[in-house]
Amino acid sequence: MVVTDGSQDPEPPVTRVGIAVDVPEPWCEILTRRRAEAGDPQAAYVPAHLTLLGPTDISLASLPAVERHLAEVAAAHRPYLLHLRGTGTFRPLTEVVFVVVAAGISECELLASAIGEAPELRRERRFPYHPHVTVAQDVAPEALDRVYADLADFSALFKVEKFTLFSHNGDMRWQPRRDFVLGG
């Protein structure tokens, strides 16, 4: 938009958001520690979680509408059991090892899809949504192999009762902004 003095209006302020299901203790510490041991620098900034919406830039002005949308999504979805079991990898496409979602896949997919229906949260994806918990990314192949083997017998079963909207202000650490309780 051009203003009367001929200059351009500055871009509206934006914030980066993400939406995830936190992995509860004691499993969060186990998976986050193992990620750090693999040499993954993100372990210091990103505790173990299951992503529903990856990093997405939105205007600050749209944040209230996004939060209203997320409250509606949460109210429309019931709590569910999530079973994490064993390991998988996205290699050779990306250098990632993850803990597999053995049960609760469709619930995660439905939540992610409903979250992404907000116009502000629509974004291009490089790959189809695949619920998982990353335990090593962009580290040496030997480290990926070790994590893959070390967590092959990992198992965690817990009830998902909420998801969290996180924001990122550029300091490397994601900050929880608001929890959205499933089923209202």
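# Reading a sheet, its helices and its rings

Guide: Strand S4 (residues 96–103) pairs with strand S5 in the antiparallel sense, over five bridges. The structure is a predicted model, so local features need a pLDDT of at least 70 and side-chain atom pairs count only at pLDDT 80 or more, whereas totals for chains, interfaces and linings use all residues. Residues are numbered from 1 along each chain as its sequence is written, and side-chain values use heavy atoms, with hydrogens and water left out.

Visitor: How should I read the confidence, and in which strand is it lowest?

Guide: pLDDT is the predictor's confidence in each residue, on a scale from 0 to 100. Here the chain averages 90, and 93% of the residues score at least 70. Confidence is lowest in strand S8 (residues 174–181), at a mean of 93, and highest in strand S6 (residues 155–160), at 98. These element names refer to DSSP runs numbered from the N terminus, with helices (H or I) of at least four residues and strands (E) of at least two.

Visitor: Turning to the sheet, what is the order of its strands?

Guide: In general, the strands of a sheet pair through backbone hydrogen bonds, either parallel or antiparallel; two strands are taken as a pair if DSSP finds at least two bridges between them. In this case an open sheet of four strands runs in the order S5-S4-S3-S6, with antiparallel pairing. Its edge strands are S5 (132–137) and S6, each of which pairs on one side only. From one strand to the next, the twist averages 30°.

Visitor: Which helices pack on the sheet, and at what angles?

Guide: Axes are lines fitted to C-alpha atoms, for helices over the stretch in contact, and the angles run from 0 to 180 degrees between N-to-C directions; contact itself means heavy atoms within 4.5 Å. Helix H1 packs on the sheet by touching S4, S5 and S6, and its direction makes about 30° with that of S5. Helix H3 also packs on the sheet, where it touches S3 and S4, its direction making about 100° with that of S3.

Visitor: Which residues of H3 are buried?

Guide: Buried means under 20% relative accessible area, exposed means over 50%, and partly exposed lies in between (1.4 Å probe, protein chains only). In H3 (residues 105–115) the buried residues are Cys-108, Leu-111, Ala-112, Ala-114 and Ile-115. Seen down the helix axis, they fall within an arc of 165°, so they line one face of H3; the arc is that of the directions from the helix axis to the C-beta atoms. Among the elements that cover these buried residues are strand S1 (14–22), strand S2 (49–59), helix H2 (63–76) and strand S7 (162–168).

Visitor: How many aromatic pairs does the structure hold?

Guide: A pair of aromatic rings is described by the distance of the centres and the angle of the planes. Rings of Phe, Tyr and Trp (its six-membered ring) pair if their centres lie within 6.5 Å, and planes under 30 degrees apart count as stacked, over 60 as edge-to-face and the rest as tilted. The structure holds three such pairs. In one of them the rings of Trp-27 and Phe-158 have their centres 5.9 Å apart and their planes at 25°, so the pair is stacked. Trp-27 lies in H1 (residues 27–37) and Phe-158 in S6, so this pair ties together parts that are 131 residues apart in sequence. Another pair, formed by Phe-90 and Phe-98, is tilted, at 4.5 Å centre to centre and 35° between the planes. Phe-90 is partly exposed, at 25% relative accessible area, whereas Phe-98 counts as buried at 5%.
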